Amino acid sequence: MQDEPESEGSAQGWWPSWRPTSMSLLKNTEAKILACIQNDLWARFVTLPTQDRIWTLTVTNKHLRKAPEKVPQTPLVMVHGFGGGVGLWIRNLDPLCRSRPLLTFDLLGFGRSSRPLFPSDPAQAEERFLDSIEQWRQAMGLERMILLGHSLGGYLATSYTIQYPERVSHLILVDPWGFPERPQPSEEGSGGQGSEVKRPAPPRWVKAVASVASMFNPLAVIRAAGPWGPGLVNRFRPDFKRKFEDLFDDDTMTQYIYHCNAQSPSGEVGFRAMSESLGWAKRPMLGRVHLLPPSLPVTLLYGARSWVDSSTGKRVEQLRPLGTTRVLIVEDASHHVYADQPEEFNRMVQKICDSVD
């Protein structure tokens, strides 16, 4: 079910015809992805007091319609990572709505959500994201939730939970970005953070984006490539096509990634304000995780083949000696754990959700 007004336009910047993208093309590509959902879907824009709009999906088990007397379960809210959007959860939406409502949204400045100006100050940029999440929660009428964040979404979910701990029943962090401090040059390449196993090097696309991130917004190269942009995404992110090839035998997923990120930058500007050299946060989350209430359970899920160092999860455990913190490793998974090993990911998350209720 779709409940959406005319899609909000986005300033295209210089030479709008130079880039083969638009919010309408993003909408159409996403609709093809969401057509795979087998359960009840409500997709709509949620308007915040700032008049920004957050593109939101609610997925509920169609069989629960026949059992209205069933006690409602704590909803699961999923927050995507940098450059992503709600469509990337397509392997997880149906399985994880089995016993509870599942909600996911495009972060402010990403996907189909509004793209406002972000402050250049890292703390203010982070607060802009958090304010939009809290205003979204209020608009949705959610009292408590199981909050899951991937990559940048994990960083923001942690910061949100520190600020609004009474709203989160369990915090699930999937390959979270921005936790460790940037190592000194002598430490780089040595595994960092006390890791015993050398982690895989960042993938080629990360290195390519990092090479221009210090001078431009991280994804400026995609926009600057104009009509060659979609081909560039296919070249540097062929893994996205492979991860979803049983659902789509064409370039649907890489087109989705392209259209999400070829619009005028906004959340990307906020991310750049919060980061240094792409891979590190200016305000590392390890310096703040002790502020999470000890009574709040935290689970960290890492891909065994990810370039994100899972030993950071052990540091979180050490920094929360009185709290319940678990670190789980998903074998044969890279950074996008939810798409690399969706069955195992869904099983782990479902087990966590069941433990909440």
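Glu126 and Arg288 form a salt bridge whose closest N and O atoms are 2.7 Å apart, a salt bridge being a side-chain nitrogen of Lys or Arg within 4 Å of a carboxyl oxygen of Asp or Glu. Because Glu126 belongs to helix H3 and Arg288 to the loop between strand S9 (280-281) and strand S10 (298-303), the pair ties together parts that are 162 residues apart in sequence. Glu126 and Arg288 are both buried, where buried means under 20% relative accessible area, exposed over 50%, and partly exposed in between, with a 1.4 Å probe and protein chains only. Helices (H or I, at least four residues) and strands (E, at least two) are DSSP runs numbered from the N terminus.

The model is a predicted one, in which local features need pLDDT of at least 70 and side-chain atom pairs count only at pLDDT 80 or more, whereas totals for chains, interfaces and linings use all residues. Residues are numbered from 1 along each chain as its sequence is written, and side-chain values use heavy atoms, with hydrogens and water left out.

Helix H3 itself covers residues 122-140, and its end C-alpha atoms are 27 Å apart, which agrees with the 27 Å that its 19 residues should span at 1.5 Å a residue; the expected span is 1.5 Å times one less than the number of residues. Besides Glu126, the buried residues of H3 include Phe129, Leu130, Ile133, Trp136, Arg137 and Met140. Just after H3, Gly141 takes a positive phi of about 70 degrees.

The loop between strand S5 (102-105) and H3 holds Arg112, whose side chain meets that of Glu30 in a salt bridge at 3.2 Å, N to O. Since Glu30 lies in helix H1 (residues 23-34), this pair ties together parts that are 82 residues apart in sequence, and both Arg112 and Glu30 are buried. Ser113 lies in the loop between S5 and H3 and is buried, with a relative accessible area of 1%. The side chain of Ser113 reaches the backbone nitrogen of Trp55 at 3.0 Å and the backbone oxygen of Asp106 at 2.6 Å.

Across the structure the count comes to 17 salt bridges. Arg98, Arg100, Asp354 and Asp357 are linked in a network of them. Another salt bridge joins Glu166 to Arg167, with the closest N and O atoms 4.0 Å apart, and Glu166 counts as partly exposed at 43% relative accessibility.

Most residues other than glycine have a negative phi. Ser151, however, has a positive phi near 55 degrees; Ser151 sits in the loop between strand S6 (145-150) and helix H4 (152-163) and is buried, with a relative accessible area of 8%. Asp332, which is not a glycine either, has a positive phi of about 55 degrees. Asp332 is found in the loop between strand S11 (325-330) and helix H12 (337-340), and is partly exposed, with a relative accessible area of 48%.

The structure holds 2 cavities of 30 Å³ or more, a cavity being a set of points, on a 1 Å grid over the protein atoms alone, where a 1.4 Å probe fits but cannot get out, with lining residues having an atom within 4 Å of a point. Grid points are joined across faces, edges and corners, and a volume is the space filled by probe spheres set on the points. The largest cavity has about 40 Å³ of space, and its lining includes Phe240, Phe244, Asp250, Thr252 and Met253. Helix H8 (238-243) and helix H9 (252-261) each supply at least two residues of this lining, and H9 gives the most, with 3 residues. The lining of the largest cavity divides into 4 nonpolar, 2 polar and 3 charged residues, where Ala, Val, Leu, Ile, Met, Phe, Trp, Tyr, Cys and Pro count as nonpolar, Asp, Glu, Lys and Arg as charged, and the others, Gly among them, as polar. The second largest cavity has about 30 Å³ of space and is lined by Gly109, Phe110, Arg115, Cys260, Asn261 and Glu268, which divide into 2 nonpolar, 2 polar and 2 charged residues.

Note on methods:
On a 1 Å grid over the protein atoms alone, a cavity is a set of points where a 1.4 Å probe fits but cannot get out, and a pocket is an open set with protein on both sides within 12 Å along at least five of seven lines; lining residues have an atom within 4 Å of a point. A polar contact is a pair of N or O atoms within 3.5 Å; within protein, one must be able to donate a hydrogen and the other to accept it, and residues adjacent in sequence count only if both atoms are side-chain atoms.
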